[in-house]
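Me: Could you walk me through this structure and tell me how we know what we say about it?

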Amino acid sequence: MSQPLLRPSLWRRLGQCLFLALFLFLFIKTDYAGRDELPWAVNLFFRIDPFLALAAMLAVRMVIALMLPAALILLLTLLFGRFSCGWICPMGSMIDGSRLLLRSRMKVPNLPGWKYALLLTLLTASFCGLPVAGYLDPFSLLVRGLSFALHPAFGSATTSFFTWTYQHAPAWLNAITEPVYAVMKTHLLPFADKVYDLSVLSLFLLLTVLGLSVLESRFFCRSLCPLGALLAFLSRYSLFALAGGGEDCGKCRHCRDICRMGAIDEQRGISTAECILCLDCLSQCPRSRIHYGLRKNGSGMQATDLSRRGVITSLTVGALLPLVLPTRLLTRNADPLLIRPPGALAEADFLCRCVRCGECMKVCIGNALQPAWLEAGLEGIFTPRLIGRIGYCEYNCTLCGQVCPTGAIRRLSRDEKQRTAIGRAYFNKNRCLPYAAGVPCIVCEEHCPTPEKAIKFREAAVVNTRGEQVFVRQPYIAGELCIGCGICENRCPLDGGAAVIVTSEGASRGGGKIREGY
Amino acid sequence: MDRRQFLRDVLLWSVGASLTVPRFNIITEALAADKPQALVSLAKGEDYFALVARVLAPLGGMGKFVKPGDKVVIKPNIGWDRRPEQGATTHPLVVKALVLQALDAGASKVLVFDRTCNEQRRCYANSGIEAALAEITDSRAGIEHVDPRKFVPVDITRGKSITQWEIYKDALDCNCYINVPVAKHHGLSRLTLGLKNSMGVLGGNRGALHQNIGQNLADLATVIRPKLTVIDATRILLRSGPQGGDVRDVKKTDTLIASADPVAADAYATTLFDLPPDAIEATMAAYRMGLGEMDLARIQVVTA
């Protein structure tokens, strides 16, 4: 008997490692690379996510060309089954990996119907004006947790360690540690320290998804993942499938015991919807009965896990939830401090397209883009907003539009970007030093990046806080020239809040008005 | 020896020892008085690379400043995400030529850096300086991004306005610090020249220096002491400084100015903008503190 080079399940594991490595590589590369255009398609995983593609397209009610590669996954799923979950999905690989730490012994009942209900509810809600599909998408959950919490935490922990060795360790040790730190800085760590709003929440959500495996292996994939639900629905009809076991296996139920998805029933029938082709059963079947091949008529086809009542409930909930949205204050008065990235579509369209993937916030070179909390409403959590005091929008940078997988932030040329106003600054003369104290300053004017400065100044004779008559330069905003980049707010040297603040007034995309009803 | 004898000895020895320790606290004002006349070298030409050697010649060449084995820091202005023709950053050819000159003079290490205002990688890339230095294969030369661990608090004992600030260690721990500013307009300080360029080695909240910028820069000049200042006026930004952005605000002047006297270099460079040296507060303040010469009548200008 000729042994195959590797057991099939090892091939799958190898595939998982490769795709996880690719995912992490693209994640690290979601950063400025020394030139204006990113050399890598860093948003690849989002653009092949059919759940997000469908949700975004339903929400804007048109085809989004950027997301069409997702059709490839649908097609492959129809041919080969739900392999993406078992081989490609980096979240799935991390869940599998975390099984080393979390042994599931609770064996809660399978709830495969839940994920279909979630899928239907989220898609219907997206279509009807409540676009929140990104909250539960596995890639979005993962990238948010990595971008906002894990990667910056890894960076600051590493830097703390090497700062300690740099300051206190002997020279011979530094001769070893400093080169290691240099290599890590170039290839692994964030270039500069980064901070993010909602970092703890994002990490908590990611850990919850991983930790749910305590209930049952791959609990998230079995019962909650809406992307998994979509692929499961399609793989019911897949051309190829695993099969082989049956009544004649006798008492052996090894395959059923080891199946991480609970896809194998008492009769050793394998549900093609739930099977993610991890190939453990195929590799471990003592009698090598299980094979992957063309599906025989009807085999593996099981009744849908969602009842007709469940379908109707999901559709109804999804359709009715958005009805409550117009009752909020946001409908009349958008948050004036909600500054969207340059190239962001008008607010309603923007929310519909944004899949909360966090890519724009990861790539933002100034750490300016931050995940919103409730500033844009319940449907706006994790959408990007600029917080000037944390970071500012680099005048020549166009990266956020390049990484947005759905075009919620349009890809702008450098010229277009420089003509795009994301807001406008105003001075608080009660705090601004030349006005309030008669003290010279105008750091804001120095940093204002437009060739004809949007911050100008007037010479004024004022009495300063010591009662002396002095001449100071008092800054003011030359309205139309200001693009709202926020560098003035960022660099204002005052403690405790800037004296120059960017608001959404004058934004090119229009105000932050949200959709009114359907 | 009894106790009394012991106490007396201790007392006498201590008094004697402390009296004989020389207490040098010579004020630079006094030193400046006997200094030879300040020398400013001026060179004009369109080949900016060759211009560097020419402008250094009257000062005795790079060998006058860099001795074999010296650690050298060259500090250009890379503060903004602007291209060379926009006149907001030091010309890459000038920086490259200076690095090569320092290597030829036998430097053991030549380090180039600036704490930028815009995002550092963008500044290093768009200024053209990173690429120009990448062409130098000598491993002794390098350009690096500022490492936040290297800012150390430094007492500014002679400071009239500031008494302490965080300064980049490498800028202090070198044998030869060469300041290479680009001459340009600045909204608050009118011009930014050598003294202002020193802000690129500072940590902390630099915006807080702007409330008394002239004196603050002079105070810093008491601790950040370039052996050589080379002012890049190959093209000068006349308006909308210090960033500019519009090439119509840039005037081609094809000039380099070099001096061992940081104040004299600034004073002379000011005249390129049709301003008198005393129009710049920092120059005035540094002159008053005896850090250099600003009276044009007492500066010897040699055209190379």
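**Domains and contacts**

Reply: Chain A splits into domain 1 (8-141 + 214-294), domain 2 (148-204) and domain 3 (329-503). This is a predicted model, where local features need pLDDT of at least 70, side-chain atom pairs count only at pLDDT 80 or more, and totals for chains, interfaces and linings use all residues. Residues are numbered from 1 along each chain as its sequence is written, while chains are lettered from A and ligands numbered from 1 in the order in which they are written.

Me: Why are these stretches of chain A called domains?

Reply: Because their bounds come from an automatic or database domain assignment. The centres of domain 1 and domain 3 of chain A, taken over C-alpha atoms, are 41 Å apart.

Me: What makes residues of domain 1 and domain 3 of chain A count as in contact?

Reply: Two residues are in contact if their C-beta atoms, placed from the backbone, lie within 7 Å. By that rule, 26 residues of domain 1 of chain A touch 23 residues of domain 3 of chain A. On the domain 1 side, α3(A) gives the most, with 4 residues.

Terms used:
Helices (H or I, at least four residues) and strands (E, at least two) are DSSP runs, numbered from the N terminus.
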